[in-house]
Amino acid sequence: MGSLAFIAADERLLALDIQSLANQLVRLNISEPSRVLACVVAQSSLFEQIKARQYDDPHLIVLPEMVLRGSVEEVTIGADGVLRLQDRLCVPDVDGLRKKILEEAHSSQYSIHPGATKMYRDLR
């Protein structure tokens, strides 16, 4: 984007708005001169918490060595460094992380759980 010093005064607010969008993970695509496409990238913070805490669980800490020795075929270490059991994340049992995941899946506004109370509350 460059320096705001080189932008005309009436364009600085627009430049600041664009920078604010970029800080909020909104990406702008201006490949065509008459159109602007805005994309928002969203990812649950739970994935980062799982990734950071996998090696704090005493049951999961032994798995990377077993994978490297080839004694476990179902468990893999992805390119992102995350342990997976048959392509599913290995969630550590530390700091109530499993409970957080279940609560988000059950109570989040974006979940599709058929609970009548939640449906009523969301519709209300």
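Me: A polar contact is a pair of N or O atoms within 3.5 Å, and within protein one of them must be able to donate a hydrogen and the other to accept it. With that settled, what lies 2.7 Å from a polar atom of the side chain of Q54?

Reply: In this predicted model, it is the backbone oxygen of C90 that lies 2.7 Å from a polar atom of the Q54 side chain.

Me: Is Q54 buried or exposed?

Reply: Q54 counts as buried because its relative accessibility is 0%, and its place is in the loop between α2 (45-53) and α3 (63-69).

Me: Which residues is Q54 in contact with, leaving aside neighbours within four places in sequence?

Reply: The contacts of Q54, with those neighbours left out, are L60, G81, V82, L83, C90 and P92.

Me: Changing topic, how many salt bridges does a search of the whole structure find?

Reply: The search finds three. In one of them R84 pairs with D80, with the closest N and O atoms 3.3 Å apart, and D80 is partly exposed, with a relative accessible area of 30%.

Me: What does R53 form salt bridges with?

Reply: R53 forms a salt bridge with D56, where the closest N and O atoms are 2.5 Å apart, and another with D95, where the closest N and O atoms are 2.2 Å apart. R53 lies in helix α2 and D95 in the loop between β5 and α4 (97-107), so this pair ties together parts that are 42 residues apart in sequence.

Me: How exposed are R53, D56 and D95?

Reply: R53 is partly exposed, with a relative accessible area of 26%, and D56 is likewise partly exposed at 42%, whereas D95 counts as exposed at 58%. Through salt bridges that share partners, R53, D56 and D95 are joined into one network.

Me: OK, the surface. Which residues form the nonpolar patch?

Reply: The patch is formed by L14, I18, L21, L28, I30 and V36, which together have about 530 Å² of accessible area. Helix α1 (residues 9-23) gives the most to this patch, with three residues. V36 sits in the loop between β1 (26-29) and β2 (37-40), and V36 counts as exposed because its relative accessibility is 58%.

Me: Back to the backbone: what is phi for Q86 and for D87?

Reply: Phi is about 50 degrees for Q86 and near 65 degrees for D87, a positive value in each case although neither residue is a glycine. Most residues other than glycine have a negative phi.

Me: Where are Q86 and D87 found, and are they buried or exposed?

Reply: Q86 is in the loop between β4 (83-85) and β5 (88-89), and D87 lies in the loop between β4 and β5 as well. Q86 counts as exposed at 59% relative accessibility, and D87 is exposed with a relative accessible area of 69%.

Me: Last one, what pattern does the whole chain follow?

Reply: The chain has five helices and five strands, and along the sequence they follow the pattern α-β-β-α-α-β-β-β-α-α. Of its 124 residues, 20% count as buried, and the accessible surface comes to about 9900 Å², with 57% of that belonging to carbon and sulfur atoms.

Notes
Residues are numbered from 1 along each chain as its sequence is written. This is a predicted model: local features need pLDDT of at least 70, side-chain atom pairs count only at pLDDT 80 or more; totals for chains, interfaces and linings use all residues. Side-chain values use heavy atoms; hydrogens and water are left out. Patches are made of residues with over 30% relative accessible area and no salt bridge: like charges are joined within 9 Å, nonpolar side chains (Val, Leu, Ile, Met, Phe, Trp, Tyr) within 5 Å. Accessible areas come from the Shrake-Rupley method with a 1.4 Å probe; for residues, only the protein chains shown count as cover. A salt bridge is a side-chain nitrogen of Lys or Arg within 4 Å of a carboxyl oxygen of Asp or Glu. Helices (H or I, at least four residues) and strands (E, at least two) are DSSP runs, numbered from the N terminus. Buried means under 20% relative accessible area, exposed over 50%, partly exposed in between (1.4 Å probe, protein chains only). Contact means heavy atoms within 4.5 Å.
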